[in-house]
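I set out to record what I looked up in this structure, entry by entry.

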Amino acid sequence: MCGIIGYVGKKAAAPVLLEGLRRLEYRGYDSAGVAVLNPSGLVVRKKLGKIDEGIARLLKSRPVTGTLGIAHTRWATHGVPSDTNCHPHLDASGKIAVVHNGVIENYDALKQKLIRAGHKFKSDTDTEVLAHLIGDDYERRRAKNAVNGDDNTLAQAVCDALREVIGTYGLAVICTDFPDTMVGARRGSPLIIGIGKEENFVASDANAIVAHTKKVVYLNDYDVATVTSERFDVQNLGTETANVQISKLEFSQEDAARGQHAHFMLKEIYEQPQTIRNALRGRLDFEGATAKFGGLNMTAAELRGIDRIVIAASGTSWHAALVGEYLIEDLAQLPVEVEFAHEFCYRNCPLEKNTVLLVLSQSGETADTLAALREAKRRGHRALAIVNVVGSTIARESDGGIYMHAGPEIGVASTKAFVSTISILTLLAVHLGRLRHLSAKRALDVLRGLEELPKQVEKILAQNDALKKVAKKYTKAEDFFFLGRGYTFPIALEGALKLKEISYIHAEGYSAAEMKHGPIALIDKSTPTVFLVPQDAMYDKTMANLAMIRARQGPIIALATEGDKAIRKVADDVIYLAPTLDLLNPILASVPLQLFAYHIAVARGCDVDKPRNLAKSVTVE
């Protein structure tokens, strides 16, 4: 969940590294630091706090020079956030600097071994242990290779150290003996090489380097890369040979910028009409009354042969998976089970012969989701994926899948990737349904409804000022309920999560019918309830559930269908959605809930793009 950037070239490294850190801050932001190599040796600057309040000020007051450097923005795992625990960390000699994402599970055993050998440690981190381990191996390698004349000593030392490591890592290493060389390595934590002209980069995320190059190499697990200003070489710890493929980034520097919006989250909410169009583009087949995909890598016969689908995901993607369960069971009549990815890996979930695993991940690097994919494949099952990031590990390791093409999502709280995922799941449900018993008429109704969604979302966005006024009424509330039924139940869960994530208000999502089984005891005048009550098949039932809240004097904010006059009589505030099919209500209902959470968070003075304790991509278990 931390961020790495490294640079080697002809430019001053520090400004490039600082710019990259700013672009990576959404990945981790309790502290940040840089290490730059110049003729006087390694110069390290690191500071607790967010980029502009910490490391940027430090570099301004104490600038560094040099054309080789590595940098890191941290989300603490081992060791509390502090200047001392901040990366980069040095080895015992002070000649080697390391930045690291991931968790070294056996760091304590390694640390004790190094202490017995005379090493002393300054921090509480597993990364400093790794730095000392690399330094120890480097000194042994250097003594040996001085005789043999081998100039690859640093990379060899990194390989030696990593063979002792249990855990996950994405790391970058520099050494005073190699003024034009970085070494990068990955296992379970993403790392890429950026290829420039007389300059090269390593980074944990393409956002950090998109301003400089669009040519990248996505490293695979156990890859170790040696990167200079002129070239790069990749070896693999397991096979000694690596599969290297140069890819081109799909997005631009402008796509990853905030533009005129106050926050990335707001920008991404407003991008959702286009996000939906991107998800649908080239996939609507009106002539065949179906959806078409180019990357599933399964024949029609193989898709018909599926008896069950298990969807594994985490966080917001798990809520999208719940919508997917409703969609696929409704349209394709296929049994679907939704699993938390982190639970799927550790319980003995029975998978019948014709079961397919479908994983959902915006980043394509979510650690527990990747582990679920690997577990299913280990057991001989086909694993498909819906991801946003082209070239991500899940995209590369899945047997087939579908890209969202949503563009970079920087805000920690997912918005456009969520609606993109649901849009694609709807298409997938239609596709699977048409291979079974779904009628052409119903399929066409769904496709036409999907085609209308971008305009309908734009209509919701036009209500932003009204939503802002509603949100401001409730900024002092400390507890919220979000209630829905049928297709909108998962959106109640997602609405509650959004509010929790960015405003730090306690919120719970429930099926509206579940309230009478216990949670209604918490309803009072100070506890607002957001009711999702579109005019769908569950409308009358949901209205009856709403009446129970009203009778107990709980404030009610309702999301209702345009033209519903009855809702005005029982709700304190109403936000209207365009009429659509029941199964498309989740997409429309998501947008006002995102704006509602956003405006409450802003009014409460919260940093919506970088909420406390959270990072964008969870790349450690």
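**Conventions.** I worked from a predicted model, in which local features need pLDDT of at least 70 and side-chain atom pairs count only at pLDDT 80 or more, while totals for chains, interfaces and linings use all residues. Residues are numbered from 1 along each chain as its sequence is written, and side-chain values use heavy atoms, with hydrogens and water left out.

**Helices.** I took helices (H or I, at least four residues) and strands (E, at least two) as DSSP runs, numbered from the N terminus. For the expected span of a helix I used 1.5 Å times one less than its number of residues. I called a residue buried under 20% relative accessible area, exposed over 50%, and partly exposed in between, with a 1.4 Å probe and protein chains only.

I looked up helix α13, which covers residues 416–434 and has 19 residues. From first C-alpha to last, α13 reaches 27 Å, close to the 27 Å expected. I found α13 mostly covered, with 18 of its 19 residues buried.

I then turned to helix α16, residues 489–503, which has 15 residues. Its first and last C-alpha atoms are 21 Å apart, close to the expected 21 Å. Because 13 of the 15 residues of α16 are buried, this helix is largely enclosed by the rest of the structure. After α16 comes Y504, and I noted its positive phi, near 65°.

**Strands.** I counted two strands as paired if DSSP finds at least two bridges between them. Strand β25 (residues 556–561) is joined to β26 by 5 bridges, and the two run parallel. Within this pair, L559 stands opposite I575 of β26.

**The largest pocket.** I used a 1 Å grid over the protein atoms alone: a pocket is an open set of points where a 1.4 Å probe fits, with protein on both sides within 12 Å along at least five of seven lines, and lining residues have an atom within 4 Å of a point. Grid points are joined across faces, edges and corners, and the volume is the space filled by probe spheres set on the points.

The largest pocket holds about 670 Å³ of space. I found 40 residues in its lining, of which F251, N388, V389, G407 and P408 lie nearest the centre. Helix α7 (residues 272–280) supplies the largest share of this lining, 3 residues.

Contact means heavy atoms within 4.5 Å.

T213 is in the loop between β10 (200–203) and β11 (215–218). I recorded T213 as buried, at 7% relative accessibility. A polar atom of the T213 side chain lies 2.5 Å from the backbone oxygen of I195. Beyond four places in sequence, T213 is in contact with G194, I195, G196, F201 and L249.

H263 lies in the loop between β14 (246–248) and α6. I recorded H263 as buried, at 18% relative accessibility. The side chains of H263 and Y598 form a polar contact of 2.8 Å. Not counting residues up to four places away, H263 also touches others, including R258, V602, V608 and D609.

E271 sits in the loop between α6 (264–270) and α7. I recorded E271 as partly exposed, at 22% relative accessibility. The side chains of E271 and K267 are joined by a polar contact of 2.7 Å.

**Backbone angles.** Most residues other than glycine have a negative phi, and most peptide bonds are trans. I noted a cis peptide bond from H87 to P88, with omega near 0°. P88 is in the loop between β4 (68–74) and β5 (89–90).

Y222 has a positive phi, near 75°. I placed Y222 in the loop between β11 and β12 (223–227), and its relative accessible area of 35% makes it partly exposed.

Q333 has a positive phi of about 55°. I found Q333 in the loop between α9 (316–331) and β18 (336–340), where Q333 is exposed, at 60% relative accessible area.

Conventions
A polar contact is a pair of N or O atoms within 3.5 Å; within protein, one must be able to donate a hydrogen and the other to accept it, and residues adjacent in sequence count only if both atoms are side-chain atoms.
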